[in-house]
Amino acid sequence: MKFEREAPLEDARALAREALGGLRGGDPDRAIDACDHALGLLLPAGPSDALADVLRWKGSVLRDRGGYSAAAELYAQSLAVSDSLGYQPGRAHALNCLGTVAHFRGDLPAAERWYGEGARLAHRLADRRLSGMVQQNLGVLADIQGRTDEAIAHFRLALVAFEQEEQFDAALWVLNNLGVLYTREGATARAKDTLDRARALANQLGDVASEGIVEENRSSLFVALGQLDEAEMAATRAYGVAEQRRDNTRRAGALRAFSRVTRARDPKSTQAIVVLDRALALAELSEDVLLRVELLTDLGDACRDCGEPARGRESWRCALEVRRL
């Protein structure tokens, strides 16, 4: 009887490893199917560490495609299973994941609370990977809130932790975020080096989702450098990744990159408004509040430059309303 009981759990663990391997790949639907198959084996067996992990991993696939409500529900279930077992690493990871959902929804105080609780638990567990993940997420929050020096400090702590542990998949995320920060601060040479490192890691690891995001950010860097052909090529690659993954959130992000190239070539081009309208329609299908705010702000700027000041003011007003939700 013992072997009969363990066999489904081992099968589920194998499926879960497959799902984890496809988490950031080019076929998120396959990762979800693997998670669902694993859950079909795990749920009848009752609470287990594996169940907590697979619930969380499925949540992350959905989160990365903009399905924040479904992801939050799965993270909450993972947290409950972890708590019922006293599975502290599972609890810490679930807390950090709940923080990411709050962050993308624009609820930064809630995100900071989740991250803070996850950081304290990760420290007690001496979990260097999770501590690095939380440091990275705290860096993103600090960056959004304009605390640049604090953001850089968090990112550097995270990068050291990941590199020491040879967690190159996680180091990639930090490099991407540092590249965005350096671009905004005008440190373009440092930004290019950092984003090139991130892109090389994404290719090496087969992390298709991150590759697309890095290309969006490389497009912004090339616009800042005035290298508009390179910016358009990077935006094209980003959109291709989003199409491959059927990811409406990142389709919208790539279209935003295209609109910036268009406006850099001709600030009065109405084509930028057309592209941003399309991006907003896609963003409405996801729950990424921060992306919607960025798109509405860009649309306001584009309308102003194209001689549509009333529509521009309305877009800016909507951006403020969305930010306050």
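## Sorting residues by class

Ala, Val, Leu, Ile, Met, Phe, Trp, Tyr, Cys and Pro count as nonpolar, Asp, Glu, Lys and Arg count as charged, and the others, Gly among them, count as polar. The structure you are looking at is a predicted model.

## The chain as a whole

Let's begin with the overall picture. The chain contains 16 helices and zero strands. Its radius of gyration is 20 Å, close to the 20 Å that the globule rule gives for 325 residues, so the chain is as compact as a globular protein of that length. Along the principal axes, the C-alpha atoms fill a box of roughly 75 × 35 × 35 Å.

How much of the chain counts as buried? Of the 325 residues, 52% do. Contacts can also be sorted by how far apart the partners sit in sequence. Among contacts between residues at least 6 apart, 57% join residues at least 24 apart.

## A cavity between helices

Rolling a probe the size of a water molecule over the atoms shows where empty space is left. Here, a search of the whole structure turns up one cavity of 30 Å³ or more, and the largest cavity has a volume of about 30 Å³.

Which residues line the largest cavity? They are Val 208, Ala 209, Gly 212, Val 241, Ala 242, Arg 245, Asp 247 and Arg 250. Now the classes come in handy: the lining has four nonpolar, one polar and three charged residues. Helix H11 (208-225) and helix H12 (228-245) each supply at least two residues of this lining.

Ser 219 belongs to helix H11. Is Ser 219 buried or exposed? Its relative accessibility is 1%, and since buried means under 20%, Ser 219 counts as buried. Leaving out residues up to four places away in sequence, Ser 219 touches Ala 231, Ala 234, Ala 235, Ala 257 and Val 261.

Asn 96 lies in helix H5 (residues 88-104). With a relative accessibility of 2%, Asn 96 counts as buried. Its contacts, again without residues up to four places away in sequence, are Tyr 115, Leu 130, Met 133, Val 134 and Asn 137. The side chains of Asn 96 and Asn 137 make a polar contact (2.9 Å). For a sense of distance, Asn 96 and Ser 259 are 163 residues apart along the chain, and their C-alpha atoms are separated by 33 Å.

## Positive phi in two loops

Next, look at the backbone angle phi. Glu 166 is not a glycine, yet it has a positive phi of about 55°. You will find Glu 166 in the loop between helix H8 (148-164) and helix H9 (168-184). At 59% relative accessibility, Glu 166 counts as exposed.

Arg 246 is also a residue other than glycine with a positive phi, near 50°. Arg 246 is found in the loop between H12 and helix H13 (248-265). Its relative accessible area is 37%, so Arg 246 is partly exposed.

## A cysteine in helix H16

Finally, visit Cys 318 in helix H16 (residues 309-324). Cys 318 has a relative accessible area of 23%, so this residue is partly exposed. Between Cys 318 and Val 61 there are 29 Å in space, C-alpha to C-alpha, and the two are 257 residues apart in sequence.

Notes. Residues numbered from 1 in each chain as written. Predicted model: local features only at pLDDT ≥ 70, side-chain atom pairs only at ≥ 80, totals over all residues. Heavy atoms only, no water. 1 Å grid on protein atoms, 1.4 Å probe; cavity = no way out; pocket = protein on both sides within 12 Å on 5 of 7 lines; lining within 4 Å. Points joined across faces, edges and corners; volume = space filled by probe spheres on them. Helix = DSSP H or I, 4+ residues; strand = E, 2+ residues; numbered from the N terminus. Buried < 20%, exposed > 50% of the residue type's maximum accessible area, 1.4 Å probe, protein only. Contact = heavy atoms within 4.5 Å. Rg over C-alpha atoms; globule rule 2.2 N^0.38 Å. Polar contact = N/O pair within 3.5 Å; in protein donor to acceptor, adjacent residues only side chain to side chain.
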